[in-house]
Each structure stands twice: as C-alpha cells, then as structure tokens.
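Visitor: I've got a structure open and would like to walk through it with you. Can we take it one question at a time?

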Amino acid sequence: MTTMLSRLLPPFVLVVSALALAAAFTAQYGFGLKPCELCITQRVPFAVAGALAMLALVGRLAPWRRGLMALAGLAFLVNSAIAVYHVGVEQKWWQASCAPARSDAVAVSDLAAMMSTPAEARCDEPAWEWHGITMATMNIAFSGALAVVVLMVVARRWENKA
C-alpha cells in the first residue's frame, strides 16, 4: 500500500499544483480579480512543487523521489505560512509593503503620482471574499492539508525503508 502511495504521490502533487495555478489564473484573467504581490507570491510554491513532482517522475531520478517529494511538501508548508501572513495583512494585524498605511491628508503631488501609475491591488484589500473567507484564508487550509498529506506519505515511506 505504501509503495503504491509513494508512486502516486508525484502525479498527485503535479496535478494539484497545476490545478491550483489554473484556478489562480482563471480568477485573475477569467473573472478579473486583480492579484496583489502576496497573491502572486503564493503561486510560486505551487510552481516549485509541480516542478519537483515532474523531476520525481523522471525515471533516472527515482532514487531521489522521496527527497523531491519531501521538498514539495515543504513548499506547500511554506505556502501555508505565506497565506497566514497574507491573512494577517488583510485583517490589519500587521503592515506589509504592498499595503502602505493610508493617511487622510493627500497632497496634490500625491494625487498626480497616483494617477500616473497603474492601479495595483493592495494586499490588505481582498479581491474576493465570502462571509469573511478570502482566497488567502482558503490557501492556508489547502496548502497546509497538502503539506500534511505529502509529508505523511514521505514519512511512511521512510518508516518502511528503515
């Protein structure tokens, strides 16, 4: 059973990573949701995990499969941590450079500068929200669960080898 799980793990990680990136791009280009810097940063671990899964599928790299999948699990864990930070910025628990502090006083020069630069999404203003649940909030659970699943399969495989 564990051998079958370890063989299915790289394709699973590849498919899930590709679907997560497809969902992010669909939200951006299909539904017009503008991603902030932290949203884009949260895409990187999915790309890394997908690339690691592709490497794990290469026959010559089979001896490295467990290590590659452990790194993919860690990428998901890092992504969950980034999402926690992003939710903290959304909730105004802490400040981020992509969510500058707002002041009530605005100078004419500030208005001119704001009008001459393209509008970028702010990290403290979610592009989508449903009953207080944002995409970053969902990513905490999604990436965290993926990290747990991947790392548990890797750990079981390790146990059986020892």
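Visitor: Does Lys-92 count as buried or exposed?
Guide: Keep in mind that this is a predicted model. Lys-92 sits in the loop between helix 4 and helix 5 (108-116). Its relative accessibility is 53%, and the cut-off for exposed is over 50%. So Lys-92 counts as exposed.

Visitor: What is phi of Lys-92 near?
Guide: Most residues other than glycine have a negative phi. Lys-92 isn't a glycine, yet its phi is positive. You'll find it just after helix 4, and the angle is near 65 degrees.

Visitor: Staying with helix 4, how far does it reach from its first C-alpha to its last?
Guide: Helix 4 covers residues 65-90, which makes 26 residues. At 1.5 Å a residue you'd expect 38 Å. The model comes close to that, with a reach of 37 Å.

Visitor: Let's jump to helix 1. Is Val-13 buried or exposed there?
Guide: Val-13 is placed in helix 1. The cut-off for buried is under 20% relative accessible area, and Val-13 has 0%. That's why Val-13 counts as buried.

Visitor: How many Å apart in space are Val-13 and Ala-49, C-alpha to C-alpha?
Guide: In sequence, 36 residues separate the two. Still, Ala-49 is on the list of residues that Val-13 touches, along with Ala-53, Met-69, Ala-72, Phe-76 and Val-150, once residues up to four places away are left out. From C-alpha to C-alpha, Val-13 and Ala-49 are 6.9 Å apart.

Visitor: And Ser-17, which residues is it in contact with, leaving aside its neighbours within four places in sequence?
Guide: Ser-17 lies in helix 1, residues 2-30. It counts as buried because its relative accessibility is 2%. Its contacts beyond those neighbours are Phe-46, Ala-49, Gly-50 and Phe-76.

Visitor: What share of contacts between residues at least 6 apart join residues at least 24 apart?
Guide: The Val-13 and Ala-49 pair, 36 residues apart in sequence, gives you one example of such a separation. Across the chain, among contacts between residues at least 6 apart, the share joining residues at least 24 apart is 78%.

Methods
Residues are numbered from 1 along each chain as its sequence is written. This is a predicted model: local features need pLDDT of at least 70, side-chain atom pairs count only at pLDDT 80 or more; totals for chains, interfaces and linings use all residues. Side-chain values use heavy atoms; hydrogens and water are left out. Contact means heavy atoms within 4.5 Å. Helices (H or I, at least four residues) and strands (E, at least two) are DSSP runs, numbered from the N terminus. The expected span of a helix is 1.5 Å times one less than its number of residues. Buried means under 20% relative accessible area, exposed over 50%, partly exposed in between (1.4 Å probe, protein chains only).
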